[in-house]
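Here is a briefing on one chain. Please keep the sequence and the 3D view open while reading.

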Amino acid sequence: MRPDLLVKPSSLAGLWKALPSLPRDRRYLAGGTDLMIAAGHGHAGDCWIDISGLKELKAFRETSSSVFIGAGLTIAELAEMTAVKKWLPALALCAPHYASPSLRNMATIGGNAANGSPCADGVCALLSEKAEIVLGLKGAKRKMPLHSFFLAPKRTALKKDELILGFEVPKWRHVSAYEKLGPRSYFGISKVTVCVSAELSAGLVKEAVIACASVAPVPLLARKAAEFLYGRRLDEGTISEAAALAQSETSPITDTRSEAAYRKAMVRVLAVRALSKLPA
Ligand SMILES: Cc1cc2nc3c(=O)[nH]c(=O)nc-3n(C[C@H](O)[C@H](O)[C@H](O)COP(=O)(O)OP(=O)(O)OC[C@H]3O[C@@H](n4cnc5c(N)ncnc54)[C@H](O)[C@@H]3O)c2cc1C
(Lines give C-alpha, C1' and ligand atoms only; values in the text may rest on other atoms or scores of the structure.)
Protein backbone atom coordinates (compact mmCIF):
# COMPACT_ATOMS: atom_id res chain seq x y z
CA MET A 1 0.00 0.00 0.00
CA ARG A 2 1.40 3.41 -0.96
CA PRO A 3 0.71 6.65 0.90
CA ASP A 4 -1.67 9.20 -0.64
CA LEU A 5 0.79 11.98 -0.05
CA LEU A 6 4.57 12.24 0.10
CA VAL A 7 6.19 15.46 1.29
CA LYS A 8 9.88 16.34 1.57
CA PRO A 9 10.72 19.28 3.84
CA SER A 10 14.12 20.87 3.21
CA SER A 11 14.74 21.93 6.82
CA LEU A 12 13.61 21.11 10.35
CA ALA A 13 11.94 24.51 10.62
CA GLY A 14 10.03 23.75 7.37
CA LEU A 15 8.97 20.38 8.78
CA TRP A 16 7.53 21.83 12.00
CA LYS A 17 5.70 24.50 9.98
CA ALA A 18 4.19 21.95 7.56
CA LEU A 19 2.96 19.46 10.19
CA PRO A 20 -0.47 21.02 11.00
CA SER A 21 -1.46 20.94 7.33
CA LEU A 22 -0.66 17.25 6.82
CA PRO A 23 -3.02 14.24 7.16
CA ARG A 24 -3.07 12.91 10.75
CA ASP A 25 -1.99 9.37 9.92
CA ARG A 26 1.55 10.29 8.90
CA ARG A 27 4.97 8.64 9.14
CA TYR A 28 8.53 9.75 8.76
CA LEU A 29 10.44 8.14 5.90
CA ALA A 30 14.21 7.88 6.36
CA GLY A 31 15.86 5.01 4.43
CA GLY A 32 12.50 3.26 4.00
CA THR A 33 13.87 -0.23 4.66
CA ASP A 34 11.45 -0.87 7.53
CA LEU A 35 8.67 1.46 6.40
CA MET A 36 8.32 -0.28 3.03
CA ILE A 37 7.82 -3.61 4.82
CA ALA A 38 5.20 -2.00 7.10
CA ALA A 39 3.49 -0.57 4.00
CA GLY A 40 3.28 -4.06 2.57
CA HIS A 41 1.28 -5.02 5.68
CA GLY A 42 -0.91 -1.92 5.43
CA HIS A 43 0.59 -0.22 8.52
CA ALA A 44 2.32 2.81 7.07
CA GLY A 45 -0.19 5.66 7.15
CA ASP A 46 -1.65 8.00 4.50
CA CYS A 47 1.19 10.47 4.36
CA TRP A 48 4.95 10.00 4.37
CA ILE A 49 7.30 12.79 5.36
CA ASP A 50 10.63 12.18 3.68
CA ILE A 51 13.28 13.30 6.18
CA SER A 52 16.24 12.06 4.14
CA GLY A 53 17.06 15.59 2.96
CA LEU A 54 17.25 17.14 6.44
CA LYS A 55 20.88 18.05 6.91
CA GLU A 56 20.25 18.58 10.64
CA LEU A 57 19.83 14.79 10.88
CA LYS A 58 23.15 14.15 9.15
CA ALA A 59 25.08 16.05 11.82
CA PHE A 60 28.20 14.63 13.40
CA ARG A 61 29.72 16.52 16.31
CA GLU A 62 32.56 15.75 18.67
CA THR A 63 33.27 17.49 21.97
CA SER A 64 35.97 16.72 24.53
CA SER A 65 33.59 14.35 26.35
CA SER A 66 31.09 13.02 23.79
CA VAL A 67 30.25 12.22 20.20
CA PHE A 68 26.91 13.11 18.60
CA ILE A 69 25.70 11.13 15.60
CA GLY A 70 22.69 12.37 13.65
CA ALA A 71 19.71 10.04 13.27
CA GLY A 72 19.82 10.38 9.48
CA LEU A 73 23.32 8.95 9.07
CA THR A 74 23.25 5.63 7.30
CA ILE A 75 24.99 2.53 8.64
CA ALA A 76 27.41 2.69 5.67
CA GLU A 77 28.25 6.33 6.40
CA LEU A 78 28.83 5.63 10.09
CA ALA A 79 31.01 2.59 9.40
CA GLU A 80 33.39 4.73 7.33
CA MET A 81 33.93 7.47 9.91
CA THR A 82 37.30 7.56 11.65
CA ALA A 83 35.76 8.97 14.84
CA VAL A 84 33.20 6.12 14.91
CA LYS A 85 35.98 3.56 14.64
CA LYS A 86 37.81 5.31 17.50
CA TRP A 87 34.99 6.18 19.91
CA LEU A 88 32.19 3.78 18.93
CA PRO A 89 34.00 0.51 18.22
CA ALA A 90 30.87 -1.56 18.85
CA LEU A 91 28.91 0.38 16.22
CA ALA A 92 31.77 -0.03 13.76
CA LEU A 93 31.94 -3.76 14.54
CA CYS A 94 28.21 -4.30 14.06
CA ALA A 95 28.13 -2.72 10.59
CA PRO A 96 29.36 -5.72 8.56
CA HIS A 97 26.69 -7.88 10.26
CA TYR A 98 23.94 -5.42 9.35
CA ALA A 99 21.74 -6.57 6.48
CA SER A 100 23.60 -6.22 3.15
CA PRO A 101 25.83 -3.52 1.57
CA SER A 102 22.90 -2.09 -0.41
CA LEU A 103 20.65 -2.00 2.68
CA ARG A 104 23.42 -0.34 4.71
CA ASN A 105 23.50 2.47 2.15
CA MET A 106 19.83 3.23 2.87
CA ALA A 107 19.21 2.16 6.48
CA THR A 108 19.65 4.95 9.03
CA ILE A 109 20.61 4.62 12.67
CA GLY A 110 17.55 6.69 13.65
CA GLY A 111 15.20 4.39 11.74
CA ASN A 112 16.79 1.40 13.46
CA ALA A 113 15.81 2.80 16.88
CA ALA A 114 12.42 4.28 15.87
CA ASN A 115 11.30 0.94 14.51
CA GLY A 116 11.43 -0.41 18.07
CA SER A 117 12.54 -3.91 17.16
CA PRO A 118 14.25 -6.03 19.84
CA CYS A 119 16.69 -7.34 17.19
CA ALA A 120 18.07 -4.00 15.98
CA ASP A 121 21.83 -4.24 15.45
CA GLY A 122 22.68 -0.55 15.60
CA VAL A 123 20.68 -0.14 18.79
CA CYS A 124 22.41 -3.12 20.44
CA ALA A 125 25.83 -1.62 19.66
CA LEU A 126 24.85 1.86 20.88
CA LEU A 127 23.35 0.44 24.08
CA SER A 128 26.67 -1.18 24.94
CA GLU A 129 28.39 2.17 24.36
CA LYS A 130 26.14 3.96 26.89
CA ALA A 131 24.36 6.09 24.29
CA GLU A 132 21.64 8.57 25.03
CA ILE A 133 18.94 9.31 22.49
CA VAL A 134 18.08 12.90 21.59
CA LEU A 135 14.49 13.63 20.56
CA GLY A 136 12.97 16.79 19.13
CA LEU A 137 9.48 18.16 18.54
CA LYS A 138 9.10 21.69 17.23
CA GLY A 139 11.35 23.79 19.48
CA ALA A 140 11.51 21.26 22.33
CA LYS A 141 14.33 18.78 22.83
CA ARG A 142 14.69 15.96 25.33
CA LYS A 143 17.27 13.32 26.00
CA MET A 144 17.11 9.94 27.73
CA PRO A 145 19.28 6.85 28.16
CA LEU A 146 18.78 4.72 25.05
CA HIS A 147 17.57 1.72 27.08
CA SER A 148 14.66 3.79 28.49
CA PHE A 149 13.44 4.58 24.98
CA PHE A 150 12.16 1.03 24.34
CA LEU A 151 8.85 0.23 26.07
CA ALA A 152 7.67 -3.00 24.40
CA PRO A 153 8.13 -4.72 21.04
CA LYS A 154 7.62 -2.00 18.39
CA ARG A 155 6.70 0.54 21.10
CA THR A 156 9.01 3.39 21.97
CA ALA A 157 8.87 6.61 23.98
CA LEU A 158 8.39 8.70 20.81
CA LYS A 159 5.45 11.10 21.00
CA LYS A 160 3.30 11.90 17.99
CA ASP A 161 5.46 13.67 15.37
CA GLU A 162 8.51 13.59 17.61
CA LEU A 163 11.71 13.04 15.70
CA ILE A 164 14.86 11.24 16.76
CA LEU A 165 17.52 13.88 16.21
CA GLY A 166 20.46 11.65 17.05
CA PHE A 167 22.48 9.87 19.70
CA GLU A 168 25.00 11.22 22.15
CA VAL A 169 27.68 8.80 23.20
CA PRO A 170 30.18 9.53 25.97
CA LYS A 171 33.83 9.21 25.14
CA TRP A 172 35.17 6.37 27.24
CA ARG A 173 38.21 4.26 26.47
CA HIS A 174 36.47 0.98 25.78
CA VAL A 175 37.04 -2.05 23.63
CA SER A 176 34.10 -3.98 22.17
CA ALA A 177 33.12 -7.33 20.73
CA TYR A 178 29.99 -8.01 18.66
CA GLU A 179 28.63 -11.54 18.28
CA LYS A 180 25.54 -12.08 16.15
CA LEU A 181 23.88 -15.33 15.28
CA GLY A 182 21.64 -15.17 12.23
CA PRO A 183 20.41 -17.55 9.59
CA ARG A 184 23.77 -16.99 7.83
CA SER A 185 27.05 -15.44 9.02
CA TYR A 186 26.05 -12.17 7.30
CA PHE A 187 22.96 -10.62 5.68
CA GLY A 188 20.37 -11.83 8.14
CA ILE A 189 18.25 -10.46 10.97
CA SER A 190 19.55 -11.74 14.29
CA LYS A 191 18.35 -14.80 16.18
CA VAL A 192 20.57 -13.72 19.08
CA THR A 193 23.15 -10.95 19.45
CA VAL A 194 25.50 -10.16 22.32
CA CYS A 195 27.60 -7.02 22.29
CA VAL A 196 30.11 -6.24 25.03
CA SER A 197 31.92 -2.97 25.61
CA ALA A 198 34.43 -2.71 28.43
CA GLU A 199 37.14 -0.51 29.80
CA LEU A 200 40.08 -2.47 31.14
CA SER A 201 42.87 -1.27 33.35
CA ALA A 202 45.92 -3.36 34.21
CA GLY A 203 44.05 -6.43 32.99
CA LEU A 204 41.04 -5.80 35.25
CA VAL A 205 37.55 -4.71 34.19
CA LYS A 206 36.97 -1.11 35.18
CA GLU A 207 33.55 -0.95 33.56
CA ALA A 208 31.55 -3.25 31.31
CA VAL A 209 28.23 -3.02 29.48
CA ILE A 210 26.61 -6.09 27.95
CA ALA A 211 23.77 -5.55 25.47
CA CYS A 212 21.71 -8.32 23.94
CA ALA A 213 19.29 -8.33 21.00
CA SER A 214 16.47 -10.71 20.03
CA VAL A 215 16.27 -12.29 23.49
CA ALA A 216 13.76 -10.06 25.32
CA PRO A 217 10.76 -7.89 24.38
CA VAL A 218 13.13 -4.91 24.01
CA PRO A 219 16.88 -4.55 23.42
CA LEU A 220 18.33 -5.69 26.74
CA LEU A 221 21.10 -4.66 29.10
CA ALA A 222 22.45 -7.66 31.03
CA ARG A 223 23.17 -5.63 34.15
CA LYS A 224 23.93 -8.44 36.62
CA ALA A 225 26.51 -9.95 34.29
CA ALA A 226 28.14 -6.56 33.70
CA GLU A 227 28.25 -5.79 37.43
CA PHE A 228 29.79 -9.18 38.16
CA LEU A 229 32.71 -8.35 35.86
CA TYR A 230 33.67 -5.23 37.77
CA GLY A 231 37.23 -5.42 39.12
CA ARG A 232 37.82 -8.91 37.73
CA ARG A 233 40.33 -10.34 35.28
CA LEU A 234 38.72 -11.83 32.18
CA ASP A 235 39.85 -15.41 32.80
CA GLU A 236 37.93 -18.53 31.85
CA GLY A 237 36.05 -18.82 35.15
CA THR A 238 34.96 -15.17 35.19
CA ILE A 239 33.84 -15.30 31.56
CA SER A 240 31.88 -18.47 32.12
CA GLU A 241 30.12 -17.09 35.21
CA ALA A 242 29.31 -13.75 33.54
CA ALA A 243 27.93 -15.54 30.48
CA ALA A 244 25.68 -17.68 32.70
CA LEU A 245 24.41 -14.53 34.42
CA ALA A 246 23.71 -12.86 31.07
CA GLN A 247 21.77 -15.93 30.02
CA SER A 248 19.67 -15.80 33.19
CA GLU A 249 18.67 -12.21 32.43
CA THR A 250 17.12 -13.00 29.03
CA SER A 251 13.54 -14.04 28.25
CA PRO A 252 13.48 -15.01 24.58
CA ILE A 253 10.41 -16.14 22.63
CA THR A 254 9.88 -18.61 19.85
CA ASP A 255 9.10 -16.97 16.51
CA THR A 256 9.71 -17.56 12.81
CA ARG A 257 13.43 -16.94 13.20
CA SER A 258 14.28 -19.20 16.12
CA GLU A 259 13.14 -21.13 19.18
CA ALA A 260 13.18 -19.74 22.70
CA ALA A 261 15.27 -22.57 24.18
CA TYR A 262 17.86 -22.34 21.40
CA ARG A 263 18.10 -18.58 21.79
CA LYS A 264 18.56 -18.92 25.54
CA ALA A 265 21.34 -21.46 25.10
CA MET A 266 23.05 -19.31 22.50
CA VAL A 267 23.15 -16.20 24.72
CA ARG A 268 25.67 -18.00 26.91
CA VAL A 269 27.73 -19.20 23.95
CA LEU A 270 27.85 -15.75 22.33
CA ALA A 271 28.61 -14.04 25.64
CA VAL A 272 31.58 -16.37 26.18
CA ARG A 273 32.79 -15.65 22.64
CA ALA A 274 32.39 -11.89 22.99
CA LEU A 275 34.10 -11.69 26.39
CA SER A 276 36.92 -13.95 25.19
CA LYS A 277 37.57 -11.59 22.27
CA LEU A 278 38.26 -8.61 24.50
CA PRO A 279 42.00 -8.08 24.94
CA ALA A 280 43.02 -9.51 28.33
C1 LIG B 1 16.08 -7.34 3.99
C2 LIG B 1 16.26 -6.59 5.28
C3 LIG B 1 17.31 -6.93 6.12
C4 LIG B 1 17.49 -6.24 7.31
N5 LIG B 1 18.52 -6.61 8.12
C6 LIG B 1 18.72 -5.94 9.28
C7 LIG B 1 19.83 -6.29 10.11
O8 LIG B 1 20.64 -7.17 9.82
N9 LIG B 1 19.95 -5.61 11.29
C10 LIG B 1 19.08 -4.62 11.66
O11 LIG B 1 19.23 -4.04 12.73
N12 LIG B 1 18.03 -4.27 10.88
C13 LIG B 1 17.85 -4.90 9.70
N14 LIG B 1 16.79 -4.55 8.90
C15 LIG B 1 15.85 -3.52 9.36
C16 LIG B 1 16.14 -2.10 8.84
O17 LIG B 1 16.99 -2.08 7.71
C18 LIG B 1 16.78 -1.20 9.93
O19 LIG B 1 15.97 -1.18 11.09
C20 LIG B 1 17.03 0.24 9.46
O21 LIG B 1 18.03 0.81 10.25
C22 LIG B 1 15.79 1.13 9.48
O23 LIG B 1 16.20 2.43 9.07
P24 LIG B 1 15.48 3.21 7.88
O25 LIG B 1 16.23 4.49 7.71
O26 LIG B 1 15.37 2.37 6.66
O27 LIG B 1 14.05 3.46 8.52
P28 LIG B 1 12.63 3.69 7.82
O29 LIG B 1 12.17 2.43 7.19
O30 LIG B 1 12.68 4.91 6.96
O31 LIG B 1 11.78 4.01 9.13
C32 LIG B 1 11.50 3.01 10.08
C33 LIG B 1 10.53 3.58 11.13
O34 LIG B 1 11.17 4.58 11.88
C35 LIG B 1 10.52 5.87 11.73
N36 LIG B 1 11.63 6.82 11.66
C37 LIG B 1 12.70 6.79 10.84
N38 LIG B 1 13.59 7.76 11.15
C39 LIG B 1 13.05 8.43 12.21
C40 LIG B 1 13.49 9.53 13.00
N41 LIG B 1 14.66 10.15 12.79
N42 LIG B 1 12.69 9.94 14.00
C43 LIG B 1 11.51 9.33 14.26
N44 LIG B 1 11.04 8.30 13.55
C45 LIG B 1 11.80 7.84 12.53
C46 LIG B 1 9.69 5.74 10.48
O47 LIG B 1 8.55 6.57 10.51
C48 LIG B 1 9.32 4.27 10.51
O49 LIG B 1 8.22 4.08 11.38
C50 LIG B 1 16.58 -5.18 7.68
C51 LIG B 1 15.55 -4.85 6.83
C52 LIG B 1 15.37 -5.52 5.64
C53 LIG B 1 14.26 -5.11 4.73
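The chain is assigned three domains: domain 1 (5-50), domain 2 (55-170) and domain 3 (175-277), with bounds from an automatic or database domain assignment. This is a predicted model, in which local features need pLDDT of at least 70 and side-chain atom pairs count only at pLDDT 80 or more, while totals for chains, interfaces and linings use all residues. Residues are numbered from 1 along each chain as its sequence is written, and side-chain values use heavy atoms, with hydrogens and water left out.

- The C-alpha centres of domain 1 and domain 2 are 19 Å apart.
- Twelve residues from domain 1 and 15 residues from domain 2 take part in the contact (heavy atoms within 4.5 Å).

**Nonpolar cores**
- The largest nonpolar core has 42 residues, and Leu91 and Leu126 touch the most other members.
- Such a core is a set of buried Ala, Val, Leu, Ile, Met, Phe, Trp, Tyr and Cys residues joined through side-chain atoms within 4.5 Å; buried means under 20% relative accessible area, exposed over 50%, and partly exposed in between, with a 1.4 Å probe and protein chains only.
- Helix H8 (residues 121-128) is the top contributor to this core, with five residues; helices (H or I, at least four residues) and strands (E, at least two) are DSSP runs, numbered from the N terminus.
- The core lies between domain 2 (55-170) and domain 3 (175-277), because both give residues to it.
- Another core, of 30 residues, lies apart from this one and includes Ala177, Leu181, Ala208 and Ala225.
- Beyond its neighbours within four places in sequence, Leu91 contacts Ile69, Leu78, Val84, Ile109, Gly122, Ala125, Leu126 and Glu129.

**Cavity**
- One cavity of 30 Å³ or more turns up in a search of the whole structure.
- On a 1 Å grid over the protein atoms alone, a cavity is a set of points where a 1.4 Å probe fits but cannot get out; a pocket is an open set with protein on both sides within 12 Å along at least five of seven lines; lining residues have an atom within 4 Å of a point.
- The largest cavity has a volume of about 30 Å³, meaning the space filled by probe spheres set on the points, which are joined across faces, edges and corners.
- Its lining consists of Ile75, Leu78, Ala79, Leu91, Ala92 and Ala95.
- H3 gives the most to this lining, with three residues, and both H3 and helix H5 (89-94) supply at least two.
- By class, the lining of the largest cavity has six nonpolar, no polar and no charged residues; Ala, Val, Leu, Ile, Met, Phe, Trp, Tyr, Cys and Pro count as nonpolar, Asp, Glu, Lys and Arg as charged, and the others, Gly among them, as polar.

**Second largest pocket**
- The second largest pocket has a volume of about 160 Å³.
- Of its 14 lining residues, Leu12, Glu56, Arg61, Lys141 and Leu165 lie nearest the centre.
- Helix H1 (12-18), strand S6 (132-137) and strand S7 (140-145) each give two or more residues to the lining.
- S6 has the largest share, three residues.
- Eight lining residues of this pocket are nonpolar, two polar and four charged.

**Two loop residues**
- Thr74 sits in the loop between strand S5 (66-70) and helix H3 (75-80).
- Thr74 is buried, at 7% relative accessible area.
- Ser65 sits in the loop between strand S4 (60-62) and S5.
- Ser65 is partly exposed, at 47% relative accessible area.
- Leaving aside neighbours within four places in sequence, Ser65 contacts Val169, Pro170 and Lys171.
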